[in-house]
Amino acid sequence: MDCLPKVCEQALADLPEAILKVETGPGHRGQSIWIYKDHFLEFINFLKQREVSLDYLSAFEIEDSLVLSYFVSDRREHEQWVVRRALDLPKTKERTATSSVAPYWPSAILFESEISALFGVSFLRSGTGLKNVNLGLLNEDYHSFPLRKDFHWESNPKRIGRKNSVLDH
């Protein structure tokens, strides 16, 4: 599949100011759309109105940015693709913040909670009543983010995970 999904072609026509870059390629999920941060929720709302669903969310760090990849599907058209956005990471080891997609896709809460714990991203859901779920990945007093490149494992022994986890043995 080398062409864009139909809903993405429609987004290019209806929301051209939201789209930073389009990448196409062969195979499963070979299509990616990069969205400008100022138009991100507008684009997500556009997808939700067209019954596009979130399959999962992943994150990876590249240079001074954290890339969030939202793997989505249009079940009616049997199409899948990736919506991407980049977040600037602070030079210090502090948290960064961004808007949550959970008001549009409630299943995002678990994915966002995992990324919050491991990468230090606060997903903002003001006025929605939705909260992060504590997945128990880190001790409550833990204030470092183990999947960031600036994390040093040797200076953080046995601090990850709950008590009595496999990491304690």
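Student: Is tyrosine 56 buried, partly exposed or exposed?

Tutor: Please keep in mind that we are reading a predicted model. In this model tyrosine 56 has a relative accessible area of 35%, so tyrosine 56 is partly exposed, because that class lies between the limit of under 20% for buried and the limit of over 50% for exposed.

Student: How is a pair of aromatic rings described?

Tutor: A pair of aromatic rings is described by two values, the distance of the centres and the angle of the planes. When the whole structure is searched, three aromatic pairs are found. One of them joins phenylalanine 43 and phenylalanine 46, with 6.4 Å from centre to centre and 20° between the planes, and this pair is stacked.

Student: Where do phenylalanine 43 and phenylalanine 46 lie?

Tutor: Both belong to helix 2 (residues 40-49), where they are three residues apart, which is about one turn of the helix. Phenylalanine 43 has 0% relative accessibility and therefore counts as buried, and phenylalanine 46, with a relative accessible area of 6%, is buried as well. Tyrosine 56, with which you began, also has a ring partner, for it forms a stacked pair with phenylalanine 71, at 4.3 Å centre to centre and with 15° between the planes.

Student: Which parts of the chain does the pair of tyrosine 56 and phenylalanine 71 tie together?

Tutor: Tyrosine 56 is in strand 3 (residues 53-62) and phenylalanine 71 is in strand 4 (residues 65-74), so their pair ties together parts that are 15 residues apart in sequence. Phenylalanine 71 is buried, because its relative accessible area is 12%.

Student: Which residue lies over the face of phenylalanine 46?

Tutor: That residue is arginine 50, placed at 3.6 Å from the ring centre of phenylalanine 46. A second case is arginine 85, whose charged end sits over the ring of phenylalanine 40, 4.2 Å from the centre of that ring.

Student: How many residues of strand 5 are buried, and which strands pair with it?

Tutor: Strand 5 (residues 79-88) is mostly covered, since seven of its 10 residues are buried. Strand 2 (residues 32-35) runs parallel to strand 5 and is joined to it by three bridges, and within this pairing tryptophan 34 has arginine 84 as its bridge partner. Strand 4 pairs with strand 5 in the antiparallel sense, over 10 bridges, and here phenylalanine 71 has valine 82 as its bridge partner.

Student: What lies between strand 4 and strand 5 in their hairpin?

Tutor: Four residues lie between the two strands, and in this hairpin histidine 78 takes a positive phi near 55°.

How values were computed:
Residues are numbered from 1 along each chain as its sequence is written. This is a predicted model: local features need pLDDT of at least 70, side-chain atom pairs count only at pLDDT 80 or more; totals for chains, interfaces and linings use all residues. Side-chain values use heavy atoms; hydrogens and water are left out. Rings of Phe, Tyr and Trp (its six-membered ring) pair if their centres lie within 6.5 Å; planes under 30 degrees apart count as stacked, over 60 as edge-to-face and the rest as tilted. Buried means under 20% relative accessible area, exposed over 50%, partly exposed in between (1.4 Å probe, protein chains only). A charge sits over a ring if NZ of Lys or CZ of Arg is within 6 Å of the ring centre and within 35 degrees of the ring normal. Two strands pair if DSSP finds at least two bridges between them.
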